[in-house]
Amino acid sequence: MRIPEDLWIAGQMFSRNELQAMASNGLLREVLGDCFLPSNIRITASLRARIAAFVCGRELNSSTVLARQTAAWIHGLLPEVYTLCIYTRSYHRPFQPGFGLNVQFMQTRVPDTQMVFRSRVKVTSALRSVCDCAQFDPLPVASRVLSNAISLHDPYLNLETIRDSLQRYEPSPERSRALRLVDSFDDVAQAA
């Protein structure tokens, strides 16, 4: 897989509508913003990270980490995203990446234990990504990420581990919201 050579990008040879028509016919698959891949290519976390790094360009450097819904997408917990979420150690001037995407920068430090490398791209770990989505992303996105994480039946990424991780965060309205969201999923699981 070669990036960007194997990416079909809206506005280059075909419009977004033409690419979506090809996707609806099974020829392409939408991956990130205005980027599409041939449907025969197997999409992995490493491939998603490489696509995100390409879209970010030089804005993604050694002091930045892909996070929140972007990281959840890389880990396979969301089918698509239209916002690049980037954690940086210091202030970063906003930029417009194109490709039909928005960018959100948050100034924070991510401990080494809460990040992983996917094709040499720094990404928050799956657990950190789920916790951050539950705290900061819009409720529909946060709910979908949490639901997909739970459906994996991963012993290291379940309601208990997510709740325990959130309880170690500093008290805040965002943390309270995330814990309520986790509790709502717990209530649904107990009712079933």
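Residues are numbered from 1 along each chain as its sequence is written, and side-chain values use heavy atoms, with hydrogens and water left out. As the model is predicted, local features need pLDDT of at least 70 and side-chain atom pairs count only at pLDDT 80 or more, while totals for chains, interfaces and linings use all residues.

Secondary structure elements are DSSP runs numbered from the N terminus, with helices (H or I) of at least four residues and strands (E) of at least two. Strands are taken as paired if DSSP finds at least two bridges between them. Three strands form an open sheet in the order β1-β3-β2, with antiparallel pairing. The edges of this sheet are β1 (8–9) and β2 (28–32), each of which pairs on one side only. Strand β3 (residues 35–38) runs antiparallel to β1 and is joined to it by two bridges. Within this part of the sheet, Trp8 stands opposite Phe36 in β3.

Axes are lines fitted to C-alpha atoms, for helices over the stretch in contact, and angles between N-to-C directions run from 0 to 180 degrees. Helix α2 (residues 45–56) lies across β1, β2 and β3 and runs at about 65° to β2. Strands β1 (8–9) and β2 (28–32) are the edge strands of the sheet. Helix α1 (residues 16–24) packs on the sheet and touches β1, β2 and β3, its direction making about 120° with that of β2.

The loop between β1 and α1 contains Gln12. Accessibility is classed by relative accessible area as buried (under 20%), exposed (over 50%) or partly exposed (in between), with a 1.4 Å probe and protein chains only. Gln12 has 60% relative accessibility and therefore counts as exposed. The C-alpha atoms of Gln12 and Ser184 are 44 Å apart in space, and the two residues are 172 apart in sequence.

A nonpolar core is a set of buried Ala, Val, Leu, Ile, Met, Phe, Trp, Tyr and Cys residues joined through side-chain atoms within 4.5 Å. The largest such core has 48 residues, and those with the most contacts inside it are Leu32, Ile51, Leu66 and Trp73. Helix α2 supplies the largest share of this core, six residues. In general, nonpolar side chains tend to be buried together in soluble globular proteins. When neighbours within four places in sequence are left aside, the contacts of Leu66 include Ala52, Cys56, Leu60, Ala71 and Ile74, as well as Val121, Val123 and Thr124.

Thr64 is placed in strand β4 (residues 64–66). Its relative accessible area is 2%, so Thr64 is buried. A polar atom of the Thr64 side chain lies 2.8 Å from the backbone nitrogen of Asn61. Beyond its neighbours within four places in sequence, Thr64 is in contact with Glu59, Ile86, Tyr87, Thr88 and Lys122.

Strands β7 (residues 115–118) and β8 (residues 121–124) pair in the antiparallel sense over four bridges. In this pairing, Val116 stands opposite Val123 in β8. The hairpin of β7 and β8 has two residues between the strands, and Ser119 takes a positive phi near 50° there.

Six salt bridges are found in a search of the whole structure, each defined as a side-chain nitrogen of Lys or Arg within 4 Å of a carboxyl oxygen of Asp or Glu. One of them joins the side chains of Arg16 and Glu30 at 2.6 Å, N to O. Because Arg16 lies in helix α1 and Glu30 in strand β2, this pair ties together parts that are 14 residues apart in sequence. Arg16 is partly exposed, with a relative accessible area of 24%, and Glu30 is also partly exposed, at 22%. The side chains of Arg16 and Asp34 meet in a salt bridge at 3.2 Å, N to O. This pair links distant parts of the chain, with Asp34 in the loop between β2 and β3, 18 residues from Arg16. Asp34 is buried, with a relative accessible area of 16%.

Arg163 lies in helix α6 (residues 159–167) and Asp183 in helix α7 (residues 173–191), so parts that are 20 residues apart in sequence are tied together. Arg163 counts as buried at 16% relative accessibility, whereas Asp183 counts as partly exposed at 35%.

Terms used: Contact means heavy atoms within 4.5 Å. A polar contact is a pair of N or O atoms within 3.5 Å; within protein, one must be able to donate a hydrogen and the other to accept it, and residues adjacent in sequence count only if both atoms are side-chain atoms.
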